[in-house]
Amino acid sequence: MSGRIGADAVAAKGWLGAHKWLLLRRASQLGILALFLLGPLAGVWIVKGNLTFSYTLGFLPLTDPFILLQSLLTRHLPETKAFVGVAIVLVFYALVGGRVFCSWACPVNMVTDAAAWLRGRLGIKGGAYVSRKTRYWILAMTLVLAAATGTLAWELVNPVSIFHRGLIFGLGAAWAVILAIFLFELFVMQDGWCGRLCPMGAFYGLLGKVSLFRPAAIRRSACNDCMECFAVCPEPQVIRPALKGVGGAGPVILAGNCTNCGRCIDVCSKDVFAFGTRFGNKVAKVSQPAQGMKPAACK
Amino acid sequence: MEADKPRKTSAAAQARRQFLLDSARMACGVGLLGIGIGLYAKQAKALPPLAVRPPGALAEKDFLGACIRCGLCVRDCPYDILSLATPEEPVSTGTPYFVARQLPCEMCEDIPCVKACPTGALDHSLTDINKAKMGLAVLVDQENCLNFLGLRCDICYRVCPVIDKAITLEQQLNARTGKHALFIPVVHSDACTGCGKCEKACPLEAAAIKVYPTELAKGEPGKHYRFGWVEKDKAGGSLVAPDVEHRYNLPEGQRYESGRGLNPDAGSEAAPGTQPAVPRALQGGKL
């Protein structure tokens, strides 16, 4: 194992092979952004709106379920179009994985990924710690706030919607919000925003608990304990049960907080991981349960 | 065996204790954040007077729960007058508004902004743009309004899309010249849509007529107020009986006419020769 994460994978699979999902993901993130920007910049109106609600080609409504839930809690009943949009989005993420939103659509992911990359390059370690459960408390807080104030209070400070809306409708001071997130991730807390605080991520994580499309450690017997998947994963706690078969767990990563980013697939030089469905779990159970590997101490 | 039991319970108690502590920590920490955001949200409920919501917008307190800040109204406005508030602006972040003095609402008949709204924050029951209530125009500055100065500017009256209903010109005596009329622009709240064309068109350096949120612009009489003439109309006759005509003690040679006040009695029209004296200097003749 050489110094940089993914070096072994690059050696084994070539650079493209070791960055396949990362590139696809960036293409998705930038592609979605480009679709939204085509209208205001080039006058080609394929998609109107932003990530809270968008209208594609004049017939496809897509509504963010988190913001609609808050709006409902302020005791407002939206038009049918918003409900149709939310149904489509819920079905979509229930199929592909709740937090696919986070890793494939959300623009803040590129910012926090950049911070994580720089953190690695600069060798910044440690920082403040809060539990990954904090996001659920913040999620509850946003919902209580909506009900108590009768306004979408979280939207006043939500960096995700402020950033995305800013990119499309004019940034204003939104750059400061996003710079703050970047610096927070870089110096204060690793995986701080996306992995510990963001209530949107928490919401999609809960949705992802039932989702169909999942990564799995299908060839976990080939694992050579290089730990690179743990190092690259933004939610490393989701990998262990599937990879190590803790408590007889199958190889499918079932945790809702897995973002389906596919970086574990990329960085593994042994091709342990692959995308599949949650139903792949039983079949694979027949294959030998993981041997008594000692999980290396995580820092 | 016996010694094990208390240790087990104490381990469970320890875990329970830890759980409660963690929960309290979370609840307090996140609660603090929540209180901060909640108070900010309370403040952000106030819409600054210069920001006008698009047609059909619900009352501000409902609007802030209904609008999901998607910007479709902005996109479907053919005149690009709407914008979404950025975080540093005094309008609730991400919500649509326009500033009448910069670009007023053009009052499209098909109201595309309302149709575009997916949540009904812009009320879909608004189908006639002339019934929109975006705000209320107020002639704020009566000292600088050109019409109040006796000039025939009339621009606000002319540009009003609901001309002669939302703004009328009311004649008054021009006390400065004593012989001319003032044409006072008067806004009627039942017809004004708050589009802001008057504010935009006002030729002054700063507009004398401005669109304000209706609740800011409008007074409200006491609920117990009853106006005699209104009640009389409603009842179809005087409510105080008997309704006798008032007898005045008028100056000699004067008579009173309803609506016109005191007038010289027709019979006692002053003869030409008895006009009040005018200083000779002004009579045109030589001194």
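The model is predicted.

An open sheet of three strands is found in chain A. The strand order is E1-E2-E3, and the pairing is antiparallel. Strand E1 (47–50) and strand E3 (60–63) of chain A stand at the edges. Each has a single partner strand, so one side of each lacks a neighbour in the sheet. On average, neighbouring strands of this sheet are turned by 10° against each other, direction ignored.

Strand E2 of chain A covers residues 53–56. Four bridges join E2(A) to E3(A) in the antiparallel sense. Across this pairing, Ser54(A) stands opposite Leu62(A) of E3(A). Helix H4 of chain A, residues 80–96, lies across E2 and E3 of chain A. The helix H4(A) runs at about 75° to E3(A).

Helix H3 of chain A spans residues 65–73. Two packed helices are described by the angle between their axes and the distance between the axes. For H3(A) and helix H11 (residues 199–208) of chain A, the axes come within 10 Å. They cross at roughly 100°. Angles of 65 to 115 degrees count as roughly perpendicular, and H3(A) is therefore roughly perpendicular to H11(A). On the H3(A) side, the contact is made by Pro65(A), Phe66(A) and Leu69(A). On the H11(A) side, Pro199(A), Met200(A), Phe203(A) and Tyr204(A) take part. By class, this contact of H3(A) with H11(A) has seven nonpolar residues, no polar ones and no charged ones.

Which residues of H3(A) are buried? They are Pro65(A), Phe66(A), Ile67(A), Leu68(A), Gln70(A) and Ser71(A). Within chain A, these buried residues pack against E3, H4, helix H7 (134–149) and H11. They also pack against helix H2 (60–66) of chain B. Just after H3(A), Arg75(A) takes a positive phi of about 70°.

Chain B itself has eight helices and nine strands. Of its 287 residues, 36% count as buried. Among contacts in chain B with a separation of 6 or more, 57% come from residues 24 or more positions apart. The accessible surface of chain B comes to about 18300 Å². Carbon and sulfur atoms account for 56% of that surface.

Notes. Residues are numbered from 1 along each chain as its sequence is written. Chains are lettered from A and ligands numbered from 1 in the order in which they are written. This is a predicted model: local features need pLDDT of at least 70, side-chain atom pairs count only at pLDDT 80 or more; totals for chains, interfaces and linings use all residues. Side-chain values use heavy atoms; hydrogens and water are left out. Helices (H or I, at least four residues) and strands (E, at least two) are DSSP runs, numbered from the N terminus. Buried means under 20% relative accessible area, exposed over 50%, partly exposed in between (1.4 Å probe, protein chains only). Contact means heavy atoms within 4.5 Å. Accessible areas come from the Shrake-Rupley method with a 1.4 Å probe; for residues, only the protein chains shown count as cover. Two strands pair if DSSP finds at least two bridges between them. Axes are lines fitted to C-alpha atoms, for helices over the stretch in contact, and angles run from 0 to 180 degrees between N-to-C directions. Angles under 35 degrees count as roughly parallel, over 145 as roughly antiparallel, 65 to 115 as roughly perpendicular and the rest as oblique. Ala, Val, Leu, Ile, Met, Phe, Trp, Tyr, Cys and Pro count as nonpolar, Asp, Glu, Lys and Arg as charged, and the others, Gly among them, as polar.
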